[in-house]
Amino acid sequence: MSTLRILGSADWHVTARNDNSCYLIDDCALIDACSTSIMQMLNHGNHTLKLNTIFLTNMNHDHCLGLAPILHYWMVRMAGEKRMGDFSDLTIVGHRAMLRRAVELALNIVMDQPQSLEQAVVKTPKLVELEGECVYEHPRFHVEVMNSDHAVPGLCYRFTNRENGKVIGFTGDTKYRPEFGKFFANADALVHEASFGAGPVPPIADTTCRHSSAIEAARVATEANVRRLILTHTYEPKRTGAIEEAKKRLTIPVEWAMPETVIEY
């Protein structure tokens, strides 16, 4: 089996005991970086020791505020190995339009040195700047990538575990795209945003912030023939309605990405 560790499932409005949407798969790849991601990984058993790659779906604040704390922890941990300021073992993946700027800002906070990555006096993380349909080969996963349709440039990911063939997909923040059915086809689990709860998506939001509801999530799950739907990125009062709406439309298991839990898929 593969594991999905839920570190947060809120939208940009965090609530008690639930940070912004953030996940750890097989304890080595972090999907987005909520502000408490380091603390939560430590609380879950120091899984930061296995972390080697961060995949960012977009660079809105609720998806990357945790970059600076992660880099600071990494720096302190490396100090014990006499490699302080060496981030070269960490890879950060994201959309080429915004990734470099986000990492520079995080490093500037940590190192107190307002410099570009080219000017940095430290061994910086490896950046993988992606866009559109492409593939990234992670040591544990074959990762397929496509653009999301959001207010800022973003990416959707499909991870295939090389050892057991298990597939999990992440939409990140996005409105519905017809291409999702093919992209997420036959996935064992799909983590789909439902910012507008049960739905429907307000017409103005469909052209401005560009998010989804449970209606779109269920539609993608049906078109992709996925085996399990996990809803996320919704404000607390909207969650029950979102789950009920998706269940009405599907015969597969539907659940909420409950914080501080581990899902096997």
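At 18% relative accessibility, Lys175 counts as buried, where buried denotes a relative accessible area under 20%, exposed over 50% and partly exposed the range in between, computed with a 1.4 Å probe on protein chains only. The structure is a predicted model, in which local features need pLDDT of at least 70 and side-chain atom pairs count only at pLDDT 80 or more, whereas totals for chains, interfaces and linings use all residues. Residues are numbered from 1 along each chain as its sequence is written, and side-chain values use heavy atoms, with hydrogens and water left out.

Lys175 forms a salt bridge with Asp206, with 3.4 Å between the closest N and O atoms, a salt bridge being defined as a side-chain nitrogen of Lys or Arg within 4 Å of a carboxyl oxygen of Asp or Glu. Because Lys175 lies in the loop between β11 and α5 (180–183) while Asp206 belongs to helix α6, the pair ties together parts that are 31 residues apart in sequence; helices (H or I, at least four residues) and strands (E, at least two) are taken as DSSP runs and numbered from the N terminus. Asp206 is partly exposed, with a relative accessible area of 28%.

By the same rule, the count of salt bridges comes to 17. One of them pairs Arg140 with Glu163, the closest N and O atoms being 3.6 Å apart, and this pair links distant parts of the chain, since Arg140 is in the loop between β8 (134–137) and β9 (141–147) and Glu163, 23 residues away, is in the loop between β10 (155–161) and β11 (167–170). Arg140 is partly exposed at 26% relative accessibility, whereas Glu163 is exposed, with a relative accessible area of 64%. A further salt bridge joins Arg210 to Asp149, with the closest N and O atoms 2.7 Å apart. Here too distant parts of the chain are linked, with Arg210 in the loop between α6 (203–207) and α7 (214–224) and Asp149 in the loop between β9 and β10, 61 residues apart. Both partners are partly exposed, Arg210 with a relative accessible area of 21% and Asp149 with one of 23%. Through salt bridges that share partners, Asp26, Arg140 and Glu163 are joined into one network.

Helix α8 spans residues 239–249 and contains Thr240. Within α8, the residues Arg239, Ala242, Ile243, Glu245 and Ala246 are buried. They cover an arc of only 165 degrees around the axis, so that they are placed on the same side of α8, the arc being that of the directions from the helix axis to the C-beta atoms. The cover over these buried residues includes β1 (3–10), α7, β13 (229–232) and β14 (254–256), with contact taken as heavy atoms within 4.5 Å. On the face of α8 turned away from its buried side are the exposed residues Thr240 and Lys248. Thr240 has a relative accessible area of 52% and is exposed, and its C-alpha atom is separated by 8.2 Å from that of Gly197, a residue 43 positions apart from Thr240 along the chain.

The largest pocket has a volume of about 290 Å³. On a 1 Å grid over the protein atoms alone, a cavity is a set of points where a 1.4 Å probe fits but cannot get out, and a pocket is an open set with protein on both sides within 12 Å along at least five of seven lines, lining residues having an atom within 4 Å of a point. Grid points are joined across faces, edges and corners, and the volume is the space filled by probe spheres set on the points. The lining of the largest pocket consists of 14 residues, of which Trp12, Ser195, Cys209, His211 and His233 lie nearest its centre. By class, this lining comprises 4 nonpolar, 6 polar and 4 charged residues, where Ala, Val, Leu, Ile, Met, Phe, Trp, Tyr, Cys and Pro count as nonpolar, Asp, Glu, Lys and Arg as charged, and the others, Gly among them, as polar.

Some backbone features also deserve a note. Most residues other than glycine have a negative phi, and most peptide bonds are trans. Gly199 and Pro200 are joined by a cis peptide bond, with omega about 0 degrees, and Pro200 is found in the loop between β12 (189–193) and α6. Asn186, although not a glycine, has a positive phi of about 60 degrees; Asn186 is in the loop between α5 and β12 and is partly exposed, with a relative accessible area of 41%. Glu260, likewise not a glycine, has a positive phi of about 65 degrees. Glu260 is placed in the loop between β14 and β15 (262–264) and counts as exposed at 53% relative accessibility.
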